[in-house]
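Here is a short report on selected helices and strands. Please read it alongside the sequence and the structure shown here.

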Amino acid sequence: MELNFLAISKKSVYTLLILFIGLTFTGEFRSDAQVIPPDEIQALQRISAKLRIRQWNVTPDSCVTGQGLNRTIPIPDLDDALSGVACNCTFNASTICHVTNILLKSLSLEGELPDDFASLTFLREIDLTRSFLTGSIPKSWASLPLVKLSLVGNLIGGTIPIEIGNISTLEELLLQDNNLTGTIPGELGKLRGLKVVRLSGNNFTGRLPETFANLKNLKDFLIGGSGITGRIPGFIGEWTGLERLDMQGTNMEGPIPSNISLLRNLKELRISDLNVSSMNFPDLQELTKLEELVLRSCSITGPIPRYIGEKMPKIKTLDLSFNRLTGDIPETLARLTNLQFMFLTNNTLTGQISQWLSETRFNFDISYNNFNGTSETSCRENNLNRISSFPAQPANSVAWCLKKDLPCPGKSKYYNLFVNCGGPEFFFKGEQYEQDLNVMGSSSFSSTYKWACSSTGDYVGRSIKREVQIPTSNSVVDLYSTARIAPFSLKYYGRCLRKGSYNVTLHFAEIMLTQDQRNNTLGRRIFDIYIQGKRIWKDFNIAEAAGGVGKGTVKECNATVTGSTLEIHLYWSGKGTTSVPQRGIYGPLISAISVTPNFDPSTGLSAGTIAGIVVCSFVVVLLVLTVLWKLGYLGGKDLKDKELRGLELQTGYFTLRQIKAATGNFDPANKIGEGGFGPVYKGVLSDGSVIAVKQLSSKSKQGNREFVNEISMLSALRHPHLVRLFGCCIEGNQLLLIYEYMENNSLARALFGPEDGRIKLDWPTRFKVCLGIARGLAYLHEESRLKIIHRDMKATNVLLDKDLTAKISDFGLAKLDEEENTHISTRVAGTIGYMAPEYAMRGYLTEKADVYSFGIVALEIVSGKSNTNYRPMEEFVYLLDWAYVLQEQGDLLELVDPSLGANFSEKEAMKMLNIGLLCSNPSRILRPAMSAVVSMLEDHSPVQAPLVVRGSMTDHLRLKAFEKLSQDSQTQSSLYSHDSRTQEISMDGPWVDSSISLPIKEKTKNDSSTSRLLPDLYDVNMD
């Protein structure tokens, strides 16, 4: 057989040259006769045109001359780009050449996978690795006699065609790092000749097919980060020829099956982040050929087996981190002369640290354990990372960095922190960010007086620098030009911080992944973010959050320092892609960190004390001013002006000229709606910032003092899921409030507004919105300095920004809640259909009233229907009633919005519906706290079963409450017009609920005299 191979790899270049010369001189190379058939030339030309392959210029003798098809393009620091074609020229007396292999690697092509490859009927290999291709895998390719199909690192979507299972010649199927979805077809189990299957880094669902038990010739099986569920199947024990098994970051359940011990040819075993409560260390003592053993975050208990050091002499990497291992580190591990990387961090190991560990020249990490004894070593010692591995006591036996939680060795005097991660010292928004340029390896720790950093892990298949910098010509500059990265664990610590609440702001920009000409990001970097040991953000994707690569994005949250250390932990749980744009691009990445206090550092007073002083001072001043005004010593207008002027000192201030310029002198064309306080305008400041301006109407009856004072309080609240108040403007008789602009209007408009104004919210967005609302309410109730009850939680008071992030607005009826009060008895105010029964009937107000309202909103998000306007039958007053009926019938999923079709997660939908019913329970005591709701939505805790029996006394009480409100609304109409602050007049209005305000006659013992109204934000039409 005569074969002409063109540009297959760098290593083959010299061999091909010798073969070419040899065949030429022996006369066996008949270049004048060997041609490509016309139909194959046409197929190659069509492929070239559709994929825009600039390297191709196909001619009939291209197989012989090599011209027009083959080319190697060197790329610094990356795998070379390659255009290569191989032919078999033995047909028809060696006059015809058929194309058998096509390699197009790292060429940045354009277009979808073409069917035209199927016209090359002798094709045995298709390799389109890292070429930016889209579309789905053509079914027609199943007709080819393929031996290898490689589509690694593209943007291919859809499902794997079941027809691929008919390619009986297939030995290698490499589809990792794409966007493939659906279940893995069981038909692949028919391919008994398969040796390599790589499906990692996709979005598959379901279990591994049972037919895979037939794949007994497998040598390489990768399924990491793919979304596969179910238990690890026992049939993998039948793959006795397997040399590499990778199951990192799936959704699979443990334990690891015992027959894994039969895989005696395994060289690499990687399993991580299993869904299992606990498991024993698997029996691996027969796996004597292992070179890499990774069992990370698998909830493994018990001691480290001593046979690892006795029977696995070839081990180079041992990663048992983030488990619950106990006992000492076996001395037998010292025998592993090939061991280069050992990660035992975050276990509960005890005993003393042996000398062989302390003297290692390799990368060992034993941090976050419970070793005993003393240590004379400093924080920096060789390549052994042992931070936070000893008890905090006794006080002086070990260095501060070796003690649990890294306590401050002196006085805790710092109250802020600014770090430019992986970059030089830099000034940003008036703050000096400290440099972070230390070279860090696989088990490294560095520190300054104010902060420290710890990095753990090694990249699979490639050595990557831990500090990243992009060229200054990139669109992202300054703070986002650099970043610190790590393979799977990166921790930053704020040191010697004063006790109290802090705002933690994390800056990110994806500066390693790339995108194609259509701005599609090639690859997915996914990791989790923990603050003070609590997971705050799961499966965070920088490029997705920022809207592309090279763009900055910020995540904020509040954290409490009870000792002296703040811990920020970024952890890769095995998800996302790992080999695009090159091998080893994965793991956490961060650009900068800023930490600022939520307290006044100059006074040293706690937030609660300051809040108490503010409230008490206000009451005293108000009483004095009231007496003086009654006696005629003070004029109303002068007093009002002084109060309004005082606001300038407490919040951002804008001049009237600025606001007029921004809104076109309040041009009616810029009017975007009307709230309870007056009209709202869209404006653009001179620096390009888009704002919303609320103008206090002369018709508004809100008292200026209360309005101004509570606005100043609200300006101190910051949370990603609260609409932000930028400031105010007070000039003459004008009182203006300036807020951030919400591009996508309200949740109500998106769900059940006019057809032409609705936004199509897919299921992931709905779930994200629901979780965002829950986090915002949890902040108001439990995390903010001022504990606040919103009182008017509904879909019209949830606004959506450009990224469809939910932000709670309209605080016109909000109340301050004092921690020592069990509840507040107050005038009833809110929206019928969203008010909790105990509050609607008796004015008994706790944060559980907001929980009830949230439950209603959650049902609306799932169903796409308004609670007050949807009546499937005459006997059902609200959506909630219908939900009760469906729950009793076991048909709760019928409530899901029909517009979603089948494109939603049944599991998540049931979770949200059950949470909605749980939160809207008529019994206040049975409703969960909002922090518990967040935990249930994030799968940190199970969803409690709703305990509601329809038709019971609770239904009667709820309906009675609303009948009372209806009757009162007829006798108190004058009061509504005076006190209704959130009654909206919307330009798109039919879905806007009217809020009411009624007096409550009861007073209870725990009535809070210091509870006052907070101002509303806006709920307007934002076009």
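Helix 13 is mostly covered, with 17 of its 21 residues buried. Buried means under 20% relative accessible area, exposed means over 50%, and partly exposed lies in between (1.4 Å probe, protein chains only). Helices (H or I, at least four residues) and strands (E, at least two) are DSSP runs, numbered from the N terminus.

This is a predicted model: local features need pLDDT of at least 70, side-chain atom pairs count only at pLDDT 80 or more, and totals for chains, interfaces and linings use all residues. Residues are numbered from 1 along each chain as its sequence is written, and side-chain values use heavy atoms, leaving out hydrogens and water.

Helix 13 covers residues 763-783. The expected span of a helix is 1.5 Å times one less than its number of residues. For the 21 residues of helix 13 that should give 30 Å, and the end C-alpha atoms are 28 Å apart, which agrees.

Six strands form an open sheet in the order 25-26-29-36-33-34, with antiparallel pairing. Its edge strands are strand 25 (443-447) and strand 34 (534-541), and each pairs on one side only. From one strand to the next, the twist averages 15 degrees. Axes are lines fitted to C-alpha atoms, for helices over the stretch in contact, and angles run from 0 to 180 degrees between N-to-C directions. Two strands pair if DSSP finds at least two bridges between them.

Strand 29 (residues 489-494) is mostly covered: six of its six residues are buried. Ser489, Lys491 and Tyr493 point one way from strand 29. Leu490, Tyr492 and Gly494 point the other way. Strand 29 pairs with strand 26 (residues 451-456) and with strand 36 (residues 566-571). Towards strand 36, glycine 494 stands opposite leucine 566.

**Another pair**

Strand 28 (residues 482-485) pairs with strand 37 (residues 589-590). Thr482 and Arg484 point one way from strand 28, Ala483 and Ile485 the other way, and all are buried. In strand 37, leucine 589 is the bridge partner of isoleucine 485.

The bridge counts are set out below.

| Strand pair | Sense | Bridges |
|---|---|---|
| Strand 26 and strand 29 | antiparallel | six bridges |
| Strand 29 and strand 36 | antiparallel | six bridges |
| Strand 28 and strand 37 | antiparallel | two bridges |
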